[in-house]
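Subject: Structure for your review

Dear colleague,

Please find the structure below, together with its sequence. My findings follow it, and I would be grateful if you could read them with the model open.

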Amino acid sequence: MTKLFSAYEGGIATVDLQKALELCGLVTLWYGSAVLCILSSKSAMLMCPAPFLLCTTQFITASVFCVIFYHFSNPGKAGVIAELMSSRKSANKTEFQMVVLISFCYTLGFILTNMAFSLANANSVETIKAAEPISSVILGQIFCPEYASWFTYASLLPIWFGVSMACYGDSAFPLWGVVFAMASNIGFSGRAVATKKLCTLKEKPDETMLFGQISIIGIALLVPPVMLIDISVVTNNRWYSKGAVSEAQSNFVPFLGVLLFNGLAYTVYNLASFLVLTRTNLVTHAVLNACRRVVIILFSAWFFSVSISAVNIWGIVIAVVGVLWFALSKSPGFKLGAASSVSVLPTVAS
């Protein structure tokens, strides 16, 4: 078999051509499904601003997939729901409470992201979300007894500066769009910190199991706002195109189709991210994730015909360089700066 060579955690590892092609295929699937997920999320919010309903559809699709996948891949073991209920009834409920906290943070992050999509351009929202390492370091210092190195702290400056440049002069990015996008970073960073706490209570949890459990809990958290807010929004939404004279021209059925498509894209996107993570190290995954955001920003700007100025483009480049710098500072073999760093655990994609 033809051999390829790749750098891996400071050493040289041989990787056969089949595995390399498999990884390339998974990265392509990850990027493609992520782009489709973001574009369909923004499209759904343009048709009807119902972020809770959109998030519920995503979580239902993910839950169904995880329950089925885990059942067939782990025969004889307790299923996702059974394992969740048993941990809730056990004498030590700390792990269950931590899973609920992870789900709350994760759900809040996606709700705020969808709310930002309903107000602002998709490329602008994704640019703001590239600043997630900043909130991760802040929350890590508050809730974990660890501190990042000065080299990690230094990487936050180009991230902040680049994001500011990327959003400069964007008239389609209102104040509340900025607030919701930045708040979503806090939600996803809270999920990472809570997951780190969970890993101190038990061995590293099964990714599929955890993804399914937080999705199921997320559905329970989303039912009340869907019933109290989004049902009214959907009912009162003007579902007819301009000049419509019959029900055949209603946009409601296409809206349902977009929701279903978005749920599938969301599930594939998270699954592909997990599969890539299992075949690479955390730093490689972080670098690929940074590149994924660039692809999404460019595709969403093209799809929705949003112009990007030279200042915005340079801002995106600087922000991505900052994220790559941040990823390098988290590398296990990297020693510059001393002090232990706060791990950002990419358990599920954001």
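How many helices and strands are there in the chain? The chain holds 12 helices and two strands. Please bear in mind throughout that this is a predicted model.

**Overall organisation**

Along the sequence, the elements follow the pattern β-β-α-α-α-α-α-α-α-α-α-α-α-α. The chain has 350 residues, of which 49% count as buried. Among the contacts in the chain with a separation of 6 or more, 83% are between residues 24 or more positions apart.

**The largest nonpolar core**

As general background, nonpolar side chains in soluble globular proteins tend to be buried together. In this model, the largest nonpolar core has 69 residues, and the members that touch the most others are F59, Y106 and Y266. The element that gives the most to this core is helix α1 (residues 17–47), with 11 residues.

Which residues is F59 in contact with, leaving aside its neighbours within four places in sequence? They are Y106, T107, F110, S215, G218, I219, L222 and Y266. Two of the residues in that list, Y106 and Y266, are also named with F59 as touching the most other members of the core.

**Helix α2 against helix α10**

The packing of two helices is described by the angle between their axes and the distance between the axes. Helix α2 (residues 51–73) packs with helix α10 (residues 252–279) at an angle of about 50°, and their axes are 8 Å apart. Because of that angle, α2 is oblique to α10. The two helices make a right-handed crossing.

From α2, the contact is made by L53, L54, T57, Q58, F59, T61, A62 and F65. From α10, the contact is made by F255, L259, L260, N262, G263, L264, Y266, T267 and L271. Sorted by class, this contact of α2 with α10 has 11 nonpolar and six polar residues, and no charged residues. F59 and Y266 both take part in this contact, and both are among the residues that touch the most other members of the largest nonpolar core.

**Helix α9 against helix α10**

Helix α10 also meets helix α9 (residues 207–236); their axes come within 14 Å and cross at roughly 155°. That angle makes α9 roughly antiparallel to α10. The crossing of α9 and α10 is right-handed.

Which residues of α9 and α10 meet? E207, T208, F211 and V234 in α9 meet F252, Y266, N270, F274 and L277 in α10. By class, the contact of α9 with α10 has six nonpolar, two polar and one charged residues.

**Helix α5 against helix α8**

Helix α5 (residues 122–129) packs with α8 at an angle of about 45°, with axes 8 Å apart. Given that angle, α5 is oblique to α8. The crossing of α5 and α8 is right-handed. V125, I128 and K129 in α5 meet A181, M182, S184, N185 and F188 in α8. The contact of α5 with α8 divides into five nonpolar, two polar and one charged residues.

Is A194 buried or exposed? A194 lies in helix α8 (residues 175–201), and it counts as buried because its relative accessibility is 4%, whereas buried means under 20%. Leaving out residues up to four places away in sequence, A194 touches M98, L101 and I102. A194 and C105 are 89 residues apart in sequence, with their C-alpha atoms 8.5 Å apart in space.

M227, in helix α9, is exposed, with a relative accessible area of 57%. M227 and F52 are 175 residues apart in sequence and 9.4 Å apart in space, C-alpha to C-alpha.

F104 belongs to helix α4 (residues 94–117) and counts as partly exposed, at 46% relative accessibility. F104 and L222 are separated by 118 residues in sequence and by 9.9 Å in space, C-alpha to C-alpha.

Yours sincerely

Terms used: Residues numbered from 1 in each chain as written. Predicted model: local features only at pLDDT ≥ 70, side-chain atom pairs only at ≥ 80, totals over all residues. Heavy atoms only, no water. Core = buried A, V, L, I, M, F, W, Y, C linked by side-chain atoms within 4.5 Å. Buried < 20%, exposed > 50% of the residue type's maximum accessible area, 1.4 Å probe, protein only. Helix = DSSP H or I, 4+ residues; strand = E, 2+ residues; numbered from the N terminus. Contact = heavy atoms within 4.5 Å. Axes fitted to C-alpha atoms, helices over the stretch in contact; angles between N-to-C directions. Parallel < 35°, antiparallel > 145°, perpendicular 65-115°, else oblique. Left-handed = near helix turned anticlockwise from the far one by under 90°. Nonpolar A, V, L, I, M, F, W, Y, C, P; charged D, E, K, R; others polar.
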